[in-house]
Structure formats: C-alpha cells, structure tokens
Amino acid sequence: MGKKAEPRWLWHAIDHASGTVLAYVFGRRKDTVFLQLKALLEPFGIHRFYTDGWGAYERHIDPAQHEVGKANTQKIERKL
C-alpha cells in the first residue's frame, strides 16, 4: 500500500494540437522519472515543451525549447 509521504505521479505528455497522449510514466516527482518520459518522447522529435516550471524541466530541457506557464498546460491538466 502506498504512503502519503511518498506520492506517485502519472507523468504524461500530449500532442499540443490534437490532445493525443504521446507517452506516460508512473513514479515519484524526481528527475530520473522525468528523464524516462523524455526518453520516450525522443522518437517524436519534439522541439517545444510547455510545462509548469518544476525544477527538473528547467534542468533537463533546453531553455530555447521550453515555455513555462498555465496557458499551454491547462489542456493536460483538464485530462486528469
């Protein structure tokens, strides 16, 4: 049984235009889990990432490809 002190997250990435889920992973909110998701996205040739600005994104996405803000993350948050 899971512990409240150790929550797990469903990380998923969607195509911005269609809303289609491209990839997902389940795990802690850690850099290593984000990197698993990022690796699953590599075959798609994604050149733009829209995120909530959490630190792992800042550390592992080229700033020229990264946009932080609610305007482009609301679609994925509504899917939950």
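1. A residue counts as buried when its relative accessible area is under 20%. His 12 has a relative accessible area of 16%, and is therefore buried by that cut-off. This histidine is found in strand β1. Its C-alpha atom is 6.5 Å from that of Val 25, although His 12 and Val 25 are separated by 13 residues in sequence.

2. The model under review is predicted. Its mean pLDDT is 85, with 84% of the residues reaching 70 or more. Confidence is highest in helix α1, where the mean is 95, and lowest in helix α3 (residues 74-78), where the mean is 59.

3. The protein contains 3 helices and 4 strands. From the N terminus on, these elements follow the order β-β-α-β-α-β-α. The protein has 80 residues, of which 24% count as buried. Among contacts with a separation of 6 or more, 27% are made by residues 24 or more positions apart.

4. Which residues of α1 are buried? They are Val 33, Phe 34, Leu 37 and Leu 41. Viewed down the helix axis, the buried residues of α1 fall within an arc of 100 degrees, so they line one face of the helix. The cover over these buried residues includes β1, β2 (21-27), β3 (49-51) and α2. For Val 33, setting aside neighbours within four places in sequence, the contacts are with Trp 11, Val 25, Gly 27 and Arg 28.

5. The largest nonpolar core comprises 12 residues. Its members are Trp 11, Ala 13, Ala 23, Val 25, Val 33, Phe 34, Leu 37, Leu 41, Phe 49, Ala 56, Tyr 57 and Ile 61. Two or more residues of this core come from each of β1, β2, α1 and α2. Helix α1 gives the largest share, 4 residues.

6. The structure holds 5 aromatic pairs. One of them joins Trp 11 and Tyr 57 in an edge-to-face arrangement, with 6.3 Å centre to centre and 75 degrees between the planes. The pair links distant parts of the chain, since Trp 11 belongs to strand β1 (residues 9-14) and Tyr 57 to helix α2 (residues 55-60), 46 residues apart. Both partners are buried: Trp 11 has a relative accessible area of 5%, and Tyr 57 has a relative accessibility of 12%.

7. Tyr 57 also pairs with Phe 34. The ring centres of Phe 34 and Tyr 57 are 5.0 Å apart and the planes are at 80 degrees, so this pair is edge-to-face. It too links distant parts of the chain, from Phe 34 in helix α1 (residues 31-41) to Tyr 57 in helix α2, 23 residues apart. Phe 34 is buried, at 4% relative accessibility.

8. Which residues make up the aromatic cluster that holds Tyr 57? Trp 11, Phe 34, Trp 54 and Tyr 57 form one such cluster. Of these, Trp 11, Phe 34 and Tyr 57 are also members of the largest nonpolar core.

9. A further point concerns a charge placed over a ring. Arg 29 lies over the face of Trp 9, at 4.8 Å from the ring centre.

Methods
Residues are numbered from 1 along each chain as its sequence is written. This is a predicted model: local features need pLDDT of at least 70, side-chain atom pairs count only at pLDDT 80 or more; totals for chains, interfaces and linings use all residues. Side-chain values use heavy atoms; hydrogens and water are left out. Rings of Phe, Tyr and Trp (its six-membered ring) pair if their centres lie within 6.5 Å; planes under 30 degrees apart count as stacked, over 60 as edge-to-face and the rest as tilted. Buried means under 20% relative accessible area, exposed over 50%, partly exposed in between (1.4 Å probe, protein chains only). A charge sits over a ring if NZ of Lys or CZ of Arg is within 6 Å of the ring centre and within 35 degrees of the ring normal. The arc is that of the directions from the helix axis to the C-beta atoms. Contact means heavy atoms within 4.5 Å. A nonpolar core is a set of buried Ala, Val, Leu, Ile, Met, Phe, Trp, Tyr and Cys residues joined through side-chain atoms within 4.5 Å. pLDDT is the predictor's confidence in each residue, from 0 to 100.
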